[in-house]
Amino acid sequence: MATWVEMLKTAQKTCLVQDGRKKVHYTFKNQTEMAEEYDMVSFDLLVRKFRKKSTLGSAGKWEYEIGEGSHISNMEELSIRESNTAPRLSAKYSKNAFQWRIRNLPYPLENYSITVDEENRQLILRTKNKKYFKRISIVDMDRFRLPLKQSAIKLAHANNCLLITYQKPSEIVEHEKVIQKELRKMKASHDGDVECNPS
């Protein structure tokens, strides 16, 4: 199987600047699509989502790895949905850290504990009052086959939101610098332009 770096280099790429975001669309050799959105000022990765072709060749639904999809707009899907007071996890990757925000968690910071599950390669978040439990995978750490370290994790809590920060290892930081350098060089269409500029 091709490495993540090779897959990114060989993918067909198009780029668009819209709403203060640089949006990059990748099509890999296996026809899987990936879309990423970067903040134009900080160049933080705000969205990463994947879509595969169905067995009949039609485009599947986007699956979010980072960020959140837009909320349900189809009236048929409104009958069953999560409560807006249920805890909601979203990921955002900054220059030096992987970050997750879990909204609607009212408990004080001392109620949370987070540990590394080395065997399953996940972070495990628990509350002492047993009201919340979550396993979090760091897909980029898996892609680079890097071990998870307890010392890289920090927790913060404010306004019913828990912030989990995992310090990125230098290997990933250096890889992302190279990728971002390439993305900055890509010619981007702007909102309203007709043409895309594939790589």
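Reader: To begin with helix H3, what covers its buried residues?

Author: In this predicted model, the cover over the buried residues of H3 includes helix H1, strand S2 (21-27), strand S3, strand S7 (97-103) and helix H2 (139-143). The buried residues themselves are Ile172, Val173, His175, Glu176, Ile179, Gln180 and Leu183.

Reader: Why are the buried residues of H3 said to line one face of the helix?

Author: Seen down the axis of H3, the buried residues fall within an arc of 160°, and they are therefore said to line one face of the helix. On the other side of H3, the residues Ser170, Lys181 and Lys185 are exposed.

Reader: What makes the span of H3 close to the expected one?

Author: H3 has 16 residues, for which 22 Å would be expected at 1.5 Å a residue, and the distance from its first C-alpha to its last is 23 Å, which is close to that value.

Reader: Which elements give two or more residues to the lining of the largest cavity, and where does the largest share come from?

Author: The structure holds 1 cavity of 30 Å³ or more, and the volume of the largest cavity is about 150 Å³. The elements that give two or more residues to its lining are helix H1 (4-10), strand S3 (33-39), strand S4 (45-51) and helix H3 (170-185). The largest share of that lining, 5 residues, comes from H3.

Reader: How many residues line the largest cavity, and which lie nearest its centre?

Author: The lining consists of 19 residues, and those nearest the centre are Glu36, Tyr38, Leu45, Arg48 and Glu176. Glu176 is also one of the buried residues of H3. Sorted by class, the lining of the largest cavity contains 10 nonpolar, 3 polar and 6 charged residues.

Reader: What makes Cys15 count as buried or exposed?

Author: Cys15 belongs to strand S1 (residues 12-18). Its relative accessibility is 1%, and because buried means under 20%, Cys15 counts as buried. Its C-alpha atom is separated by 9.7 Å from that of Glu37, 22 residues apart along the chain.

Reader: Why does Ala158 fall into its accessibility class?

Author: Ala158 is in strand S11 (residues 153-158), and its relative accessibility is 45%. Buried stops under 20% and exposed begins over 50%, so Ala158 is called partly exposed.

Reader: What value does phi take in Arg121 and in Asn159, and which accessibility class does each belong to?

Author: Phi of Arg121 is near 55°, a positive value in a residue other than glycine. Arg121 lies in the loop between strand S8 (112-117) and strand S9 (122-127), and at 26% relative accessibility, between the limits of 20% and 50%, Arg121 is therefore partly exposed. Phi of Asn159 is near 50°, likewise positive in a residue other than glycine. Asn159 is found in the loop between S11 and strand S12 (161-167), and its relative accessibility of 78% is over 50%, so Asn159 counts as exposed.

Reader: How many helices and strands are there in the chain, and what share of the residues counts as buried?

Author: The chain has 3 helices and 13 strands, and 39% of its 199 residues count as buried. Among contacts between residues at least 6 apart in sequence, 45% join residues at least 24 apart.

Note on methods: Residues are numbered from 1 along each chain as its sequence is written. This is a predicted model: local features need pLDDT of at least 70, side-chain atom pairs count only at pLDDT 80 or more; totals for chains, interfaces and linings use all residues. Side-chain values use heavy atoms; hydrogens and water are left out. On a 1 Å grid over the protein atoms alone, a cavity is a set of points where a 1.4 Å probe fits but cannot get out, and a pocket is an open set with protein on both sides within 12 Å along at least five of seven lines; lining residues have an atom within 4 Å of a point. Grid points are joined across faces, edges and corners, and a volume is the space filled by probe spheres set on the points. Helices (H or I, at least four residues) and strands (E, at least two) are DSSP runs, numbered from the N terminus. Ala, Val, Leu, Ile, Met, Phe, Trp, Tyr, Cys and Pro count as nonpolar, Asp, Glu, Lys and Arg as charged, and the others, Gly among them, as polar. The expected span of a helix is 1.5 Å times one less than its number of residues. Buried means under 20% relative accessible area, exposed over 50%, partly exposed in between (1.4 Å probe, protein chains only). The arc is that of the directions from the helix axis to the C-beta atoms. Contact means heavy atoms within 4.5 Å.
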